[in-house]
Amino acid sequence: MSQRTPIVGGNWKMNLHARDAKQLAEVIAQRVGGLDKAEAVVFPPFPYLLQVGTVLKAASGGLTVKLGAQDCYHESNGAFTGEVSMSMLKDVGVETVLAGHSERRHVIGESDELINRKVRAALEAGLDVVLCVGEKLEQRELGQTDAVNAAQTQYGLAGVGAGQMGRVVIAYEPVWAIGTGRTATPDDAQGAHRAIRGTLAAMFGDKVAQATRIQYGGSVKPSNAAELFSQPDIDGGLIGGASLKADDFVAIVEAASATVAAAVG
Ligand code: PGA
């Protein structure tokens, strides 16, 4: 078992309104406060970042739930209608950003080049980054899973220095498992994570690869979290649907924390 601290992200996507967002943040902040073996971060929609951040800051406890943004733009300011800069995100208390989520790649149409610009700009701005990678169903069926993940990892992290990798988390999210109720088997997920770690080793060396956290995402729920998180190369999860229910999200953070406790004890 690794020394890596598991990290569980709650990606709220384009869901909730102000009142529900505040309530969800309050419950999560209170209930994960006592867990000190896993990290938790929530990614609310842009309009609620400030409010959710205020709620998270007000809660006390051993584990501080971090505030993350679902997207960002690489330019620092100017005529980019609708976009949000890194310094604006930092201004409202954001510490970490998602880049390359499959919905942004395949629904919105973001390219590897744009994703890489965002990754580098976020790191330069002092933010942490969760770079999401993952294959589509047809790519899996053609046996291309590892090649797709390697390419997205290499493109996404091009120009990133080994010294910046402490602030990067990879989220492996097979596209066919996101929001579908279908989850990769723990063995399949472990295989993909090990291969991604191999790509990181080739890019940045073994030490960095061993220290980098790789989360699994795609229909994680309380009933499958523990088995997924106990795989040697899986360091927590990025949670969509189940992160909108406080009980489920808290149970998943508890599962990540318990994996570490079991490994240590
Ligand atoms: P899901 O989403 O848990 O609803 O499958 C995961 C994600 O998109 O990060």
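1. A pocket, in the sense used here, is an open set of grid points with protein on both sides within 12 Å along at least five of seven lines. The model under review is a predicted one, and the largest pocket found in this predicted structure has a volume of about 460 Å³.

2. The lining of that largest pocket is made up of 19 residues, and those that lie nearest the centre of the pocket are K13, M14, Q70, D71 and R104. When the lining residues of the largest pocket are sorted by class, 9 are nonpolar, 5 are polar and 5 are charged. Helix α4, which covers residues 102-108, gives the most to this lining, with 4 residues.

3. Which residues line the largest cavity? They are G100, S102, R105, H106, C132, V133, G134, Q152, E173 and V175, and by class this lining has 3 nonpolar, 5 polar and 2 charged residues. At least two residues of the cavity lining come from each of α4 and β5 (128-133), and α4 gives the most, with 3 residues.

4. Among the helix pairs, consider α1 (residues 18-31) and α2 (residues 49-58), which pack at an angle of about 25° with their axes 9 Å apart. Angles under 35 degrees count as roughly parallel, and α1 and α2 are therefore roughly parallel to each other. The crossing in which α1 passes α2 is right-handed. On the α1 side the contact involves A18, A21, K22, A25, E26 and A29, and these meet Q51, V52, V55 and L56 in α2. The residues of this contact of α1 with α2 comprise 7 nonpolar, 1 polar and 2 charged.

5. How do helix α7 (residues 145-156) and helix α8 (residues 186-204) pack, and at what angle? Their angle is about 40°, and their axes are 9 Å apart; α7 and α8 are therefore oblique to each other. In passing α8, helix α7 makes a right-handed crossing. From α7, the residues D146, N149, A150, T153 and Q154 meet G191, A192, A195, I196, T199, L200 and M203 in α8. Sorted by class, the contact of α7 with α8 holds 6 nonpolar, 5 polar and 1 charged residues.

6. Helix α7 also has a contact with helix α5 (residues 112-124), and the axes of α5 and α7 come within 8 Å and cross at roughly 50°. The two helices α5 and α7 are therefore oblique to each other. Here D112, N116 and V119 in α5 meet Q152, Y155 and G156 in α7, and the contact of α5 with α7 has 2 nonpolar, 3 polar and 1 charged residues by class. A careful reader may wish to look at Q152 in particular, which is among the α7 residues that meet α5 and is also one of the residues lining the largest cavity.

Note on methods
Residues numbered from 1 in each chain as written. Predicted model: local features only at pLDDT ≥ 70, side-chain atom pairs only at ≥ 80, totals over all residues. Heavy atoms only, no water. 1 Å grid on protein atoms, 1.4 Å probe; cavity = no way out; pocket = protein on both sides within 12 Å on 5 of 7 lines; lining within 4 Å. Points joined across faces, edges and corners; volume = space filled by probe spheres on them. Nonpolar A, V, L, I, M, F, W, Y, C, P; charged D, E, K, R; others polar. Axes fitted to C-alpha atoms, helices over the stretch in contact; angles between N-to-C directions. Parallel < 35°, antiparallel > 145°, perpendicular 65-115°, else oblique. Left-handed = near helix turned anticlockwise from the far one by under 90°. Contact = heavy atoms within 4.5 Å.
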